[in-house]
Amino acid sequence: MLHTILLSLAVSLTATAAAALIGLPLGALLAVRDFRARNAVILAANALLGLPPVVVGLALYLLLSRQGPFGVLGLLFTPVAMTLAQFLLALPIVAALTHRAMTSLWDRYKIELRISGASLARCIAILLRIGRREAITAVLAGFGRTVSEVGAILIVGGNIAGVTRTMTTAITLETSEGNFGRALAYGFIVIGISLAVSATAFAFSRGPKFWSHV
Amino acid sequence: MRPCLLAVAIFPAIIAAAGIAAQPAHAERYVVLASTTSVENSGLLARILPQFEAQTGIRVRVVAQGTGQALATAAHGDADVVLVHDPAAEAAFLEQGHGVTRRQIAWNDFVLLGPAADPAHVGGTHDIVAAFRRIAAGKSPFVSRGDRSGTDAFEKRLWKQAGIEPKSSWYKEIGGGMGADLNMAAATDAYTVSDRGTWLSFANKRSLAILVEGGRDLLNRYDVITLNPAEHASERTADAAALADWLAGPQGQSAIASDEVGGQKLFHPMSDPEP
């Protein structure tokens, strides 16, 4: 059971971290710099918010299968495949939500930033710093998607005991065996983790003053 | 500034956790066994495979998918060995050159489950085809796997034998595993076919009971098939053969023979005579 919980955390946190690493600067970039494909990328990011997880799982399965183009990597039925699937699901969420938040911030600060001669990278960094609460919300939304996801990781992971079984896929298995008590136990743990991560991120976003009131 | 430092410190921790959790996937010696859901849901594999792993040091990664999907997965080369129970699909698999050696390793029987109230009055007989006819005549709710599994193939053959095409008003095809099928049958007081092993270890029986059992046509044979090395050779081919040999050999057979849940045998080794 411990491995199941650790694996869930590892897969979801890694996928979310990767999505944040790429999605946060991407979202800010889309707000700050105009380029030819910009509208297409914004449209894509927002459209992919509704991407059905099980479809991502299926597509990745076909790509990673030995008969598929990336079969030689041997990634099917491994945690790496699961992390990849969840990264693909979380990235549009982080990017689209960050972009929306950064757009209004950029409107407010662009004159000062342009006058100060800040480089593109610096603008992005400053915007993300100022809008860190919105950024954290975007990352949390991405994490919420990954930690609760089950369809994609079931397909690309195969729910192998001790290797690719996470809490959500374990819930699927326990339910199919009629062990509702165990299924619910996993469910409560997932909820607990989700709440803990949300609370922690919220506390950090408030800064050190918040702690003196707790 | 401090929250930022903490965030920076968390990243390596996350990657480390990921590395630790991902360890089994890449470091160890393993084979991928694509199997039916019945041997997985009944817990048989979880109980007997540790003996194989202790003896050989080869970890068995079980992907439980249902016979049809398991054979397809193996045909693609995504599994190293299969454990299935659909003679027709297996024959086709061998004919197409995907598999080479097929050996039966266990048997149990299928049973017809239904609500204790038994509205179609099929209880207590051995003739499952006649029972199917009664269920169809009375339009009693019936849950079907509908997923090209061995159990599903067996059930579809029975409808054919009965000369009936089930109608969706009372015949629910769920496209899911044995457990999902049993959960729905239990919740909706429906009839359904299951292998005895999965049924005995199922924890949500509610008012379902075995109504028809024991006919010779209810026999359920489990076969292990190794793949054609000409098609999909890998560094795991030899280990896959070792697993197949173990399951069919004296140690695997005695593990299957001594496996039981609550005093009941879920699967019979080859040494137990078939009815």
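Residues up to four places away in sequence being left aside, Asn108(B) touches Asp195(B), Arg196(B), Gly197(B), Leu218(B), Leu219(B), Asn220(B), Tyr222(B), Leu266(B), Phe267(B) and His268(B), where contact means heavy atoms within 4.5 Å. The model is predicted, so that local features need pLDDT of at least 70 and side-chain atom pairs count only at pLDDT 80 or more, whereas totals for chains, interfaces and linings use all residues. Residues are numbered from 1 along each chain as its sequence is written, chains are lettered from A and ligands numbered from 1 in the order in which they are written, and side-chain values use heavy atoms, with hydrogens and water left out.

Asn108(B) belongs to strand β4 (residues 99–115) of chain B; helices (H or I, at least four residues) and strands (E, at least two) are DSSP runs numbered from the N terminus. Asn108(B) counts as buried because its relative accessibility is 1%, the term buried denoting under 20% relative accessible area, exposed over 50% and partly exposed in between (1.4 Å probe, protein chains only). The side chain of Asn108(B) forms a polar contact with that of Asp195(B) at 3.5 Å, and a polar atom of the Asn108(B) side chain lies 3.1 Å from the backbone oxygen of Leu266(B). A polar contact is a pair of N or O atoms within 3.5 Å; within protein, one must be able to donate a hydrogen and the other to accept it, and residues adjacent in sequence count only if both atoms are side-chain atoms.

Chain B as a whole contains 12 helices and 11 strands, and its C-alpha trace spans about 70 × 55 × 40 Å along the principal axes. Of the 275 residues in chain B, 52% are buried, and among contacts between residues at least 6 apart in sequence, 75% join residues at least 24 apart.

A search of the whole structure returns one cavity of 30 Å³ or more, a cavity being a set of points on a 1 Å grid over the protein atoms alone where a 1.4 Å probe fits but cannot get out, with lining residues having an atom within 4 Å of a point. The volume of the largest cavity is about 60 Å³, taken as the space filled by probe spheres set on the points, which are joined across faces, edges and corners. The lining of the largest cavity includes Ser8(A), Gln86(A), Glu149(A) and Val190(A), and α1(A) gives the most to this lining, with three residues.

Note on methods:
1 Å grid on protein atoms, 1.4 Å probe; cavity = no way out; pocket = protein on both sides within 12 Å on 5 of 7 lines; lining within 4 Å.
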